[in-house]
Amino acid sequence: MGTTAATACLMDTFSSATIESCLSERVRPISELDDIDALARTYRARLLRFATYSTGDPDLAETIAQDVLLRAYNGRESFRGECSVNTWLTGIAIHVIRDHQRSNRYKFWKRVKSAAIDVQDVAAFIPADGSSPERQLLAKEKVKHLTQILETLSHNQRTVFLMRFSEDMAASDISKVLGMSESTVRTHLHRALKAVRSQLGASV
Amino acid sequence: MTTELSNHLTEEALNDALIGLGSAESETHLAACAACRAKVEEFRSDMKVFNDTTLAWSEARPVTGLQGAARPKAHLPVFAPVGWALAAVVLLMICVSVWNHGQRSASHEGFTSVAAPEDSETQIAQDNELLRQVDVALNTGEASPIDEYQLVDRQHPRLKVRKGLRNR
């Protein structure tokens with residue numbers, strides 16, 4: 001199976017023609033996708049984090065994460081195992097977020113949005129790794145500042161940054177999922193990284 | 001691009017290395033240069049703290065509605081009896097109201113029939129007799145002023161003229 005077919009399958013998960021194509025070319029038996037509870041237990045938190053920081057709205061992110069899991073479960077036959085499940089789910093999340101951005105519902109949410117990311121709330125979840133209180137405080141400030149910096153990035157920059165540095169996706173996978181050329185992805189990554197590093201460095 | 005005047009990686013080369021697109025030359029430099037490696041490690045450390053913290057925050061968020069959305073029919077047995085019970089109560093109230101209304105209408109019709117029974121021959125005869133007695137009682141009272149002053153056969157002259165005019 002060629003790269004083009006793999007990209008088409010990842011990008012257009014819900015097209016019946018694509019699903020049939022994927023089914024005929026499937027090379028790996030699916031297992032964890034058959035149990036929606038297991039799927040949610042394993043991937044919901046990551047999806048929720050990605051959607052939260054991509055949209056800036058935790059309440060909307062809950063809906064998106066749920067929608068992604070349901071779509072993945074319902075369209076699990078289209079997964080061929082050529083990428084990780086997390087990458088596949090992130091690709092679906094990208095589509096769902098785009099759908100929300102285009103729909104009136106999202107405009108409504110934007111108008112009445114009151115549930116921005118509570119940086120204090122997030123920073124309270126710093127893992128207790130036995131470090132000193134000073135280091136814990138410094139880490140908390142870093143998380144708060146990074147959250148605020150991400151909000152200043154453009155949507156594309158923020159998305160590719162999160163996909164690369166939070167979801168640990170390769171630039172080639174990001175380009176496939178987003179339907180961008182790899183050079184465009186690199187440009188967004190460079191700009192995002194420059195902004196984040198310069199602002200993080202300025203805060204220290 | 002690996003080295004500049006200061007013999008350290010440029011920011012662009014550092015970013016390339018962080019993105020995972022660094023050249024072999026950059027990787028060699030990073031392995032040898034503690035200062036450049038510290039910059040890379042610092043960013044990775046910051047991102048690790050951010051990722052661990054935000055993931056812990058996400059895991060702490062309550063799961064809402066996934067089961068219901070995934071298996072909508074699973075909730076039907078729970079809510080269906082309540083819905084049916086409410087529908088039955090409403091239907092019962094409507095039936096009781098309609099029945100009450102029917103009962104009231106029936107009693108009203110019964111009252112009307114008692115108040116206005118159908119006229120029978122006997123009743124008509126009794127009524128006529130009563131009316132005749134009333135008429136007699138009225139006629140046997142005081143004499144009419146017309147009779148008393150014998151005005152029955154006298155007519156006004158004008159009336160004669162008018163009568164003549166009419167007959168013409």
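## A tour of chains A and B

Start with chain B, whose elements run α-α-α-α-α-α-α-α from the N terminus on. That comes to eight helices and zero strands, where helices (H or I, at least four residues) and strands (E, at least two) are DSSP runs, numbered from the N terminus. This is a predicted model, in which local features need pLDDT of at least 70 and side-chain atom pairs count only at pLDDT 80 or more, while totals for chains, interfaces and linings use all residues. Residues are numbered from 1 along each chain as its sequence is written, and chains are lettered from A and ligands numbered from 1 in the order in which they are written.

Stay on chain B and color by burial. Of its 168 residues, 14% count as buried (20 or more other C-beta atoms within 10 Å of the residue's own, with C-beta atoms placed from the backbone).

Next, select chain A and color by pLDDT, the predictor's confidence in each residue, from 0 to 100. The mean for chain A is 79, and 78% of its residues reach 70 or more. Over residues 1-28 of chain A, pLDDT stays under 50. Where pLDDT is low, the predicted coordinates should not be read in detail.

Now select α9(A). Nine of its 11 residues are buried, among them A:V160, A:F161 and A:L162.

Move to helix α5 (residues 85-102) and helix α10 (residues 171-178) of chain A. Their axes come within 9 Å and cross at roughly 40 degrees; axes are lines fitted to C-alpha atoms, for helices over the stretch in contact, and angles run from 0 to 180 degrees between N-to-C directions. Show A:T87, A:T90, A:G91 and A:I94 in α5(A), which meet A:D173, A:V177 and A:L178 in α10(A). Contact here requires C-beta atoms, placed from the backbone, within 7 Å.

Last, show both chains. Their contact takes 33 residues from chain A and 28 residues from chain B. On chain A, α3 (36-55), α4 (58-74), α7 (119-123), α8 (133-152), α9 and α11 (182-203) each supply at least two residues of the side that touches chain B. By class, this side of chain A has 21 nonpolar, three polar and nine charged residues. Ala, Val, Leu, Ile, Met, Phe, Trp, Tyr, Cys and Pro count as nonpolar, Asp, Glu, Lys and Arg as charged, and the others, Gly among them, as polar.

Notes:
Two residues are in contact if their C-beta atoms, placed from the backbone, lie within 7 Å. A residue is buried if 20 or more other C-beta atoms lie within 10 Å of its own, exposed if 12 or fewer, and partly exposed in between; C-beta atoms are placed from the backbone.
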